[in-house]
Amino acid sequence: MTIDFTFPPEVEGVRMRVRAFMEGEVKPAETPDLWDEGNRRKLVETILALRQKAKDAGLWMPHMPRAWGGMELGPTAVAAVSSEASRTRLGSFVLNCQAPDEGNMHTLLHFGTPEQQEKYLKPLCLGITRSCFAMTEPEVAGSDPTLIQTSAVRDGEDWVVNGHKWFITGAHGAAFAILIARTNADSDIPQERNTAFIVDTNLPGWTIVRDIETMAGGHNHCEIRIENLRLAKSSVLGRIGGGHELGQARLGPARLAHCMRWIGQIEYALELMIDRAQKRFSHGSMLSEKQGIQWLIADSGMELYAAKLMVLHAAYKIENNLPFKTEVSYCKHHVANTLWRVIDRAVQVHGALGYSNDSPLAKMLTQARWARFADGADEIHQMRIAQMLMQAYSKHGSTRSATGDLPL
Ligand SMILES: Cc1cc2nc3c(=O)[nH]c(=O)nc-3n(C[C@H](O)[C@H](O)[C@H](O)COP(=O)(O)OP(=O)(O)OC[C@H]3O[C@@H](n4cnc5c(N)ncnc54)[C@H](O)[C@@H]3O)c2cc1C
């Protein structure tokens, strides 16, 4: 068996081109005031200008097939490209592979009818529309989608939807939403109760109540009221009762895509940590010479290294049509927690500067906090991992198949 951790030359070439594009074009455009309130127009114009440059450079939608205008990279190559792009804040938006559109593109590609793909996927791929994914509700635990209360009831040929959603990322300005609603309340199998719908957000009955103010400010995570929203039967995405499997199919690779982006952020935070430690003098030596600081650096390096291996291995499993759910759970938990810990250590090494907005770390830290519960809370992934480990042990007398099924 060959274990080769080098990318083929064409993938390495793309990775280096993305790195150069991020360094040369995106980073210089990311002035600190870009995210200030009142600067929204400047932010949008900056993204649009960079998107044109990305398209011209052939760096557009690494995850999508060429037939849809993408680069048709496999999951391991996407891992490489996404982590390069995420060394900047705008990178994934510029390449049109940002959440939640990236996950929605995959969903429409695999579950959409040709008509739905033409109407919704095409403009998304061209970068002229945005979308959102509406599943979580304030009244019930988002960790358990079988509890969803938003209901869709048949009325003649149509469906009438009533419900309440929140934390719907990108809802302001989204042309459409992929909405998960309960259609089969009586189904014996809880996972068969929900159906996915495509909703044009300009329809009467779809109302954005507010952009929820979070610890990181307002970032277009919206609360939505749905009142007597009437949908044609052609709005059903996938099969009736297939909402859960569609959500799971979407979330597996989408979770890994988050991990890929977080790796770029972790690496950037570690480099900031080292840079600061090598430049700051205290008690007779540079911070980088203190053992206490070296431990922070070393722990971060070890965790980042493990994160990279886990992400590459999970991507390899997806690429080779092997079971990947447990591996993605390992990744999601490990990478989200590494993100939090490494940025926090970098803040520590920067002292007051790290706590201020003169450094990017403060904003990175508040953003990092949601990684530990969005798209599956830590404890849910731990629950799944423990279940898989126990199942493997009961079946084979060994946990090996549930620890990546590696040959050691
Ligand atoms: C920034 C951000 C963006 C988001 N974007 C979207 C979006 O675009 N669309 C969307 O639909 N949702 C979105 N969400 C919602 C997100 O998916 C949910 O927050 C997540 O699924 C958890 O659901 P919840 O918040 O209801 O927490 P709950 O399910 O109430 O869980 C709260 C806590 O309880 C614990 N817990 C829950 N179940 C168990 C268990 N079985 N065992 C042990 N502990 C448990 C965990 O510690 C968990 O963190 C977003 C959230 C954030 C913060």
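Helices (H or I, at least four residues) and strands (E, at least two) are DSSP runs, numbered from the N terminus. This is a predicted model, in which local features need pLDDT of at least 70, side-chain atom pairs count only at pLDDT 80 or more, and totals for chains, interfaces and linings use all residues. Residues are numbered from 1 along each chain as its sequence is written, and side-chain values use heavy atoms, with hydrogens and water left out.

Start with the backbone. Most residues other than glycine have a negative phi, and most peptide bonds are trans. Pro 100 sits in the loop between helix 4 (91-94) and helix 5 (101-111). The peptide bond that leads from Ala 99 to Pro 100 is cis, with omega near 0°. Two residues that are not glycine have a positive phi. For Glu 72, phi is about 55°. For Asp 405, phi is about 50°. Glu 72 belongs to the loop between helix 2 and helix 3, whereas Asp 405 is in the segment after helix 12.

How accessible are these two? Buried means under 20% relative accessible area, exposed over 50%, and partly exposed in between (1.4 Å probe, protein chains only). Glu 72 has a relative accessible area of 48%, so Glu 72 is partly exposed. Asp 405 is partly exposed because its relative accessible area is 48%.

Now turn to the ligand. A residue is near a molecule or strand if one of its heavy atoms lies within 4 Å of it. Around the ligand there are 19 residues, and Phe 133, Thr 136, Ser 143, Phe 167 and Thr 169 come nearest. Strand 1 (131-134), strand 3 (158-169) and helix 12 (378-396) each give at least two residues to this shell. The shell has twelve nonpolar, five polar and two charged residues. In these classes, Ala, Val, Leu, Ile, Met, Phe, Trp, Tyr, Cys and Pro count as nonpolar, Asp, Glu, Lys and Arg as charged, and the others, Gly among them, as polar.

Which atoms approach the ligand? An N or O atom in the side chain of Ser 143 is 2.6 Å from a ligand oxygen atom. The backbone of Gly 142 places an N or O atom 2.8 Å from an oxygen atom of the ligand. At Phe 167, a backbone N or O atom is 2.9 Å from a nitrogen atom of the ligand. The protein buries 67% of the 970 Å² that the ligand exposes when taken alone. Such areas come from the Shrake-Rupley method with a 1.4 Å probe; for residues, only the protein chains shown count as cover.

Next comes the core. In soluble globular proteins, nonpolar side chains tend to be buried together. A nonpolar core is a set of buried Ala, Val, Leu, Ile, Met, Phe, Trp, Tyr and Cys residues joined through side-chain atoms within 4.5 Å. The largest one has 59 residues, of which Leu 95, Leu 256, Val 311 and Ile 343 touch the most other members. Helix 7 gives the most to this core, with twelve residues.

Take Val 311 as an example. Contact means heavy atoms within 4.5 Å. Leaving aside neighbours within four places in sequence, Val 311 is in contact with residues including Ala 79, Leu 256, Met 260 and Val 335.

Finish on helix 9 (residues 325-350), which holds Ser 329. Ser 329 counts as buried because its relative accessibility is 8%. Beyond its neighbours within four places in sequence, Ser 329 is in contact with His 381, Arg 384 and Ile 385.

Conventions
A polar contact is a pair of N or O atoms within 3.5 Å; within protein, one must be able to donate a hydrogen and the other to accept it, and residues adjacent in sequence count only if both atoms are side-chain atoms.
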